[in-house]
Structure formats: C-alpha cells, structure tokens
Amino acid sequence: MDRLIPPNNVTEFILLGLTQNPHLQKILFIVFLFIFLFTVLANLLIVITISLSPALSAPMYFFLTYLSFIDASYTSVTTPKMIIDLLYQRRIILLGSCLTQLFVEHFLGGSEIILLIVMAYDHYVAICKPLHYTTIMRQRLCHLLVVMAWIGGTLHATGQILFMINLPFCGPSIIDHFMCDLFPLLKLACRDTYMLGMVVAANSGAMCLLIFSMLLISYIVILSSLKCHGSEGRRKALSTRGSHFTVVVLFFVLCIFTYMGPVATYPADKLVTVFFAILTPMLNPIIYTVRNTEVKNAMRSLLKTRVT
C-alpha cells in the first residue's frame, strides 16, 4: 500500500518571485519597502490613536483597532520575505516555513473576514436600531465577538493546513509566485488534487462569496433605513459606514477571484495577490482616516499632546 504513495522528498521550494528582471527588481524593492513601512506604521498609528483617545470609545473604533492590528500583521507575514527576495536571484523557502506562512495567512485572513462581518453588524445596529445601540453593543458582547473572530480564523487556518500537511511533494519544487499559497502548492503535489481543490475552493472561495452576498444584503437594508434619517444623519452615516463598505468590496472581490476557481495558477494571480495581501492593508488606514473626521481629529489631538 505504501508503494502507491509517492515519497515526500521535497524539503524546500524555489520561489520565482514577481519578476526575473534585475533592474525591475531594484525598483520594486524600493516601492514595496516604502509600502510595507507605511502600512505597518499607519495601522499601528490607528491602534495607538484609538487606544489613547477617550473620544474614540465607540464599538466601531474598538473593532477598527483589531482590524488595523490584523492588517499590520498580515502584511508582515509575506511582504518582508518578498522584499528581501527581490535582492536575490535564487529565492528559497523551506517546506516547514512555507506551511507556517500558509497557516498564518489564513488565520489572519479568516479572522479579518469574521471581523468585517462583526463591523457590518455594528453598523446595522447603529443605523437601524439607534435607540437600542448601547444596550445591544455592550462591551462584553464586543469582546466576545472579537474572540469569536480569532477562534473562527484559527479553525479556518487549521482546516486548510490539515489538507496540505499530508500532501506528498516529490518535485519539481518551483513555485511561480512570491509566497506560499494553496493553489500553487496543490499544483506541485504528487497525487490527484481535484477533490482537495474543490474542498479548498469551498472553504475559502465559496465562503467569501456567501459572506460577501450576505454583507451586500445587509448594506441594502442599511441604505433603505437611511431614508428615514435627515440629510445630516445620512451624510454622517455614509461617511463612516461607506469607508467600511469600500474595504469590504476590496477584500471580498479579490478573495473570490483568488480562491473560487479551479486548482490552477494564472499570470494575473501575482498581481491580484499583491493587491490583496499588500495594497489592501495599506489602503485600509487611508480609507478609514481620510473619510472619518473623528479619527483625524483624534490623531491631531494626540500629536499636539505629544509635541507640547
């Protein structure tokens, strides 16, 4: 029976990276180093601002703190290695490191998906049931919802890694990507992965599609309820909740595109992953600060306090 199972004699993978052009690699090194530093610092600034500002004590900002923390962590999983690899022609990642990267990616990604659902629920209660908002969104419930997001992310990532950890890899060991992900690894496995690919697509792609559809319905309900509000109330609601909707669309559309298809890799995958894993965490703090007056005022107040 053991003879039917291909040996797992691959201990490391070679990542082809974003490009093989040495001149373009140097340019991308500078660009992505700047993006990485900005993303981490901007998200940490939001975490510090909300944590130190009594004016930002609403549940929405409590959840935004964890969203920013996840974004800073998510970009730190893949971007540093990609930046370093741009300086070398031979890019190697060990099998154990590859699976660890895969687990952390899906743990943080799964947690962020659930957290975005929680934030959408918070927006729904704030707009559709404003008189009961403080009663429903109690501090204890907010903490419980965040814990559920972490647990959900753990379960999602554990399910993905259990599928991958027993896959035999016997060569070739070249991944046409700049990071480890599900479909590139499934493509290198030494056995038929059609059914496993369907399970992965259901666990990631179909889940993104289902949740995105539910969120769209919730926002239609929210927009319908705004008709009962005055023009000033509608403007304020759209400025704060519209930023969250923008983040949701960016996150889920790219998630669906990445994981909803068959087990295959396409030239556009690298570009989509760059936007999904690197640019979206950078855009989130911009979206939430530029369109949110309260966060901008809190940042100014915090900076004035530190300067004086």
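The expected span of a helix is 1.5 Å times one less than its number of residues.

Some ground rules. This is a predicted model, so local features need pLDDT of at least 70, side-chain atom pairs count only at pLDDT 80 or more, and totals for chains, interfaces and linings use all residues. Residues are numbered from 1 along each chain as its sequence is written, and side-chain values use heavy atoms, with hydrogens and water left out.

Now the overall fold. The chain has ten helices and three strands. Both kinds of element are DSSP runs numbered from the N terminus: helices are H or I with at least four residues, strands are E with at least two. Starting at the N terminus, the order is β-α-α-β-α-α-α-β-α-α-α-α-α. Of the 308 residues, 48% are buried. Buried means under 20% relative accessible area, exposed means over 50%, and partly exposed is in between, with a 1.4 Å probe and protein chains only. Take contacts between residues at least 6 apart in sequence: 81% of them join residues at least 24 apart. A contact here is heavy atoms within 4.5 Å. The chain exposes about 15500 Å², and carbon and sulfur atoms supply 71% of that. Those areas come from the Shrake-Rupley method with a 1.4 Å probe; for residues, only the protein chains shown count as cover.

Back to helix 1. It has 31 residues and reaches 45 Å from first C-alpha to last, close to the 45 Å expected at 1.5 Å a residue. What caps its N-terminal end? Asn21 does, with a side-chain oxygen 3.0 Å from the backbone nitrogen of His23.

Next, the surface. Phe34, Phe38, Ile286 and Val290 make a nonpolar patch of about 370 Å². Helix 1 (22-52) and helix 9 (268-290) are the elements giving two or more residues to that patch. Ile286 lies in helix 9. Ile286 counts as partly exposed because its relative accessibility is 32%.

Now inside. Thr78 sits in helix 2, residues 59-85. Its relative accessible area is 2%, so Thr78 is buried. Leaving out residues up to four places away in sequence, Thr78 touches Gln101, Glu105, Met179 and Ala277. Ser111 is in helix 3, residues 95-128. Ser111 has a relative accessible area of 0%, so it is buried.

At 36% relative accessibility, Tyr121 is partly exposed. Beyond four places in sequence, Tyr121 contacts Ile136 and Met137. Tyr121 and Ser218 are 97 residues apart in sequence, yet 8.2 Å apart C-alpha to C-alpha.

Last topic: salt bridges. How many does the structure hold? Two. A salt bridge is a side-chain nitrogen of Lys or Arg within 4 Å of a carboxyl oxygen of Asp or Glu.

One joins Asp85 and Lys81, at 3.3 Å, N to O. Both lie in helix 2, four residues apart, about one turn of the helix. Asp85 is buried at 8% relative accessibility, whereas Lys81 is partly exposed at 23%.

The other joins Asp176 and Lys270, with the closest N and O atoms 2.8 Å apart. This pair links distant parts of the chain: Asp176 is in the loop between strand 3 (174-175) and helix 6 (182-188), while Lys270 is in helix 9, 94 residues apart. Asp176 is partly exposed at 45%. Lys270 is buried at 16%.

Technical notes. Patches are made of residues with over 30% relative accessible area and no salt bridge: like charges are joined within 9 Å, nonpolar side chains (Val, Leu, Ile, Met, Phe, Trp, Tyr) within 5 Å. A polar contact is a pair of N or O atoms within 3.5 Å; within protein, one must be able to donate a hydrogen and the other to accept it, and residues adjacent in sequence count only if both atoms are side-chain atoms.
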